[in-house]
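Try each task before you read its solution.

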Amino acid sequence: MMDRRDFLIVGGRILVMTAASAAALEHVLAGTPEAADTYTTVDHWWAMTIDIRKCIGCGNCVKACKVENGVLDEPFYFRTWVERYHIDPADPEHPIVDSPDGGKNGFPEKYEDGVGKTFFVPKLCNHCTHSPCVQVCPVGATFLTPDGVILVDKDYCVGCRYCIQACPYGSRYFDPRTNTADKCTLCYHRITKGLKTACVEVCPTGSRQLADLKNPDDPIHTFLRENAVDVLKPQMATGAKVFYASLDGSVR
Amino acid sequence: MQFSFKDAEHLVRLAAIFAIGGLVFAVARAQMVPDDFGTLGHYRAGAIDDERARTPAHAGQAACAECHTDVVELRAKARHAAVSCEACHGALGSHARGEVEKPARPDGRETCVRCHAAKTGKPRQYPTVPVKEHAGDQTCITCHTPHNPRIQ
């Protein structure tokens, strides 16, 4: 015969076991521990470093970006592109810039070796901390995530194109398939899974590197310390987070 | 002069219309604005998860190395050690997920020329060749093995 004391103990155990097994089942349903989502936005502050001296203008990044993000193939839709700068010593204030097909298939030889200076400048969204595009969006469709990436909410974008005009870097385009603004997401679907961005993944010389400013062990800290580093258009005070090493003063 | 309700009747009517309008706005706004709008800032917080949900097209070096250990070991000692697999082989996320059994091989000349053709603007120390003089019309892989390109 079970007295009240035993009943309470048994009842209590059953309750605890049920709760524990429910929690365990939930854990199983969430998948293996590796697959479970451990990404916390506030632990990261994403940036990119680009070493101009290492870029060979192969266009791997442009090609990979288009594949990774399903960017339209026409030569005016780019999330990243490469520009070739040529500086004639007789007129250093007016660099000649070209970017055939965004540099996707490399650059046809145009300049004579040893005359003037030629170099490549990969460009992409600068994921600005104080972004003009976010400030002008009238509906809150473009925003800075807590981990420092500028994204476009395609469900919310009304296609007014203000942000495309506001971006000082020309990083945005209008996608005619969705009738929304679009741009580099810093491969948000990849970096939040522990992968590199597509452009960094395929860069053969390591000119581009994904960086996390909140990670004290990230090589970016050495990069910023030991190189002559600049961002594009620093006078715009956008808080750009794409850092270029050895950026020539003629680059716009 | 005495104030009568009749004089203010039109004001009451106006106030009623405003009240109804305000109510309709409040109800419509509550219906239309998603719950997660404004939780993190002036945007829909769920948009972050929407972006994260996309499937990567490039598998990433770690995924390649899981199976192709022989190639990774060979390459680790060669000059292409720092070049990721997908730099030459293209996006192979579909292969890593098992959707594509045998992906196409990269072109044995175009792939190499993309990086190694002599061109102004490339860093001095970067290995390049004037392709026509160096190889004629032959493919590069006639002499070089891509994973360990230096001729022994």
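Contact here means heavy atoms within 4.5 Å. This is a predicted model, where local features need pLDDT of at least 70, side-chain atom pairs count only at pLDDT 80 or more, and totals for chains, interfaces and linings use all residues. Residues are numbered from 1 along each chain as its sequence is written, chains are lettered from A in the order in which they are written, and side-chain values use heavy atoms, with hydrogens and water left out.

**Exercise 1.** Find how many residues the contact takes from chain A and from chain B.

Step 1. Chain A brings 48 residues to the contact, and chain B brings 35 residues.

Step 2. Next, the area: about 3,400 Å² is buried between chain A and chain B, with 53% of it given by carbon and sulfur atoms. Buried area is the accessible area (1.4 Å probe) that the two parts lose on being put together, summed over both.

**Exercise 2.** Find the salt bridges across the interface of chain A and chain B.

Step 1. Apply the rule: a side-chain nitrogen of Lys or Arg within 4 Å of a carboxyl oxygen of Asp or Glu.

Step 2. The rule finds 3 salt bridges across this interface. B:Arg124 makes a salt bridge with A:Asp113, with 3.8 Å between the closest N and O atoms.

Step 3. Over all chains, the count comes to 18 salt bridges.

**Exercise 3.** Describe the second largest pocket and its lining.

Step 1. A pocket is an open set of points on a 1 Å grid over the protein atoms alone, where a 1.4 Å probe fits, with protein on both sides within 12 Å along at least five of seven lines; lining residues have an atom within 4 Å of a point.

Step 2. The lining has 22 residues, and nearest the centre lie A:Thr118, B:Gly121, B:Lys122, B:Pro123 and B:Arg124.
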